[in-house]
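Here's a quick tour of one protein model, written for someone just starting out. Have the picture open and follow along.

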Amino acid sequence: PEAMAKWRGVTIVIVLASFVAGLPWGVIGVALGYTLSGIATRLWLIFFVGKRIGMSGLQFISACFPFALLAITVSVLMIYCRSIWEPRSALLGFFSYSIFGSALYIAILAYLPKERQFLKFLFVMGRDVLDGFKKNP
């Protein structure tokens, strides 16, 4: 807990510095600074936590890579779909693309054998959690 509290303090300083550094470029500069500071602080955190649980940061990143690559692919496809169909209502667009993108992501996961095991594991975990709520209201 003490190490995480110190890390949180360092993160706050880095985020504030990124905001200040981005101010000369306006909203885009602040957003870019915040994004880069988030990547830097979270990437380091992966290696920090990995060492504590006996897993290297590279092992963790390589385990997450297929899911991240799929998410990027689906996101690019959603951007392409937006060029074809632009809903009149932002709310309609948000809900329709969220549902379609999530369904596509899950469908592709279900198609791939290793990732299908992951989905089954998530389903069992969710069922166990719901069963636990039913037993202990």
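Which residue forms a salt bridge with Arg82? That partner is Glu86, and the closest N and O atoms of the two are 3.3 Å apart. Keep in mind that this is a predicted model. From the salt bridge we'll move on to the core, then to a pair of rings, and finally to a serine.

**The salt bridge**
- Arg82 has a relative accessibility of 47%, so it counts as partly exposed.
- Glu86 comes out at 49%, which also puts it in the partly exposed class, because exposed means over 50%.

**The nonpolar core**
- Look for six residues that make up the largest nonpolar core: Leu70, Val74, Met78, Cys81, Tyr97 and Leu109.
- Two elements each give two or more residues to this core, namely helix H3 (57-84) and helix H4 (90-111).
- H3 is the top contributor, giving four residues.
- Click on Leu109 and you'll see that it touches Phe67, Leu70, Glu115, Arg116 and Leu119, leaving aside residues up to four places away in sequence.

**A pair of rings**
- The structure has four aromatic pairs, and one of them is Phe67 with Phe118, whose ring centres sit 4.8 Å apart.
- The planes of these two rings are at 50°, so the pair counts as tilted.
- Phe67 belongs to helix H3 and Phe118 to helix H5 (residues 113-135), so this pair ties together parts that are 51 residues apart in sequence.
- Phe67 is partly exposed, at 22% relative accessibility; buried would mean under 20%.
- Phe118 is partly exposed too, with a relative accessible area of 33%.

**A serine in helix H1**
- Ser18 is part of helix H1, which covers residues 2-22.
- Is Ser18 buried or exposed? Its relative accessible area is 9%, so it is buried, the cut-off being under 20%.
- A polar atom of the Ser18 side chain lies 2.6 Å from the backbone oxygen of Val15.
- Ser18 also touches Gly33, Tyr34 and Ser37, again leaving aside residues up to four places away in sequence.

Key
Residues are numbered from 1 along each chain as its sequence is written. This is a predicted model: local features need pLDDT of at least 70, side-chain atom pairs count only at pLDDT 80 or more; totals for chains, interfaces and linings use all residues. Side-chain values use heavy atoms; hydrogens and water are left out. A nonpolar core is a set of buried Ala, Val, Leu, Ile, Met, Phe, Trp, Tyr and Cys residues joined through side-chain atoms within 4.5 Å. Buried means under 20% relative accessible area, exposed over 50%, partly exposed in between (1.4 Å probe, protein chains only). Contact means heavy atoms within 4.5 Å. A polar contact is a pair of N or O atoms within 3.5 Å; within protein, one must be able to donate a hydrogen and the other to accept it, and residues adjacent in sequence count only if both atoms are side-chain atoms. Rings of Phe, Tyr and Trp (its six-membered ring) pair if their centres lie within 6.5 Å; planes under 30 degrees apart count as stacked, over 60 as edge-to-face and the rest as tilted. A salt bridge is a side-chain nitrogen of Lys or Arg within 4 Å of a carboxyl oxygen of Asp or Glu.
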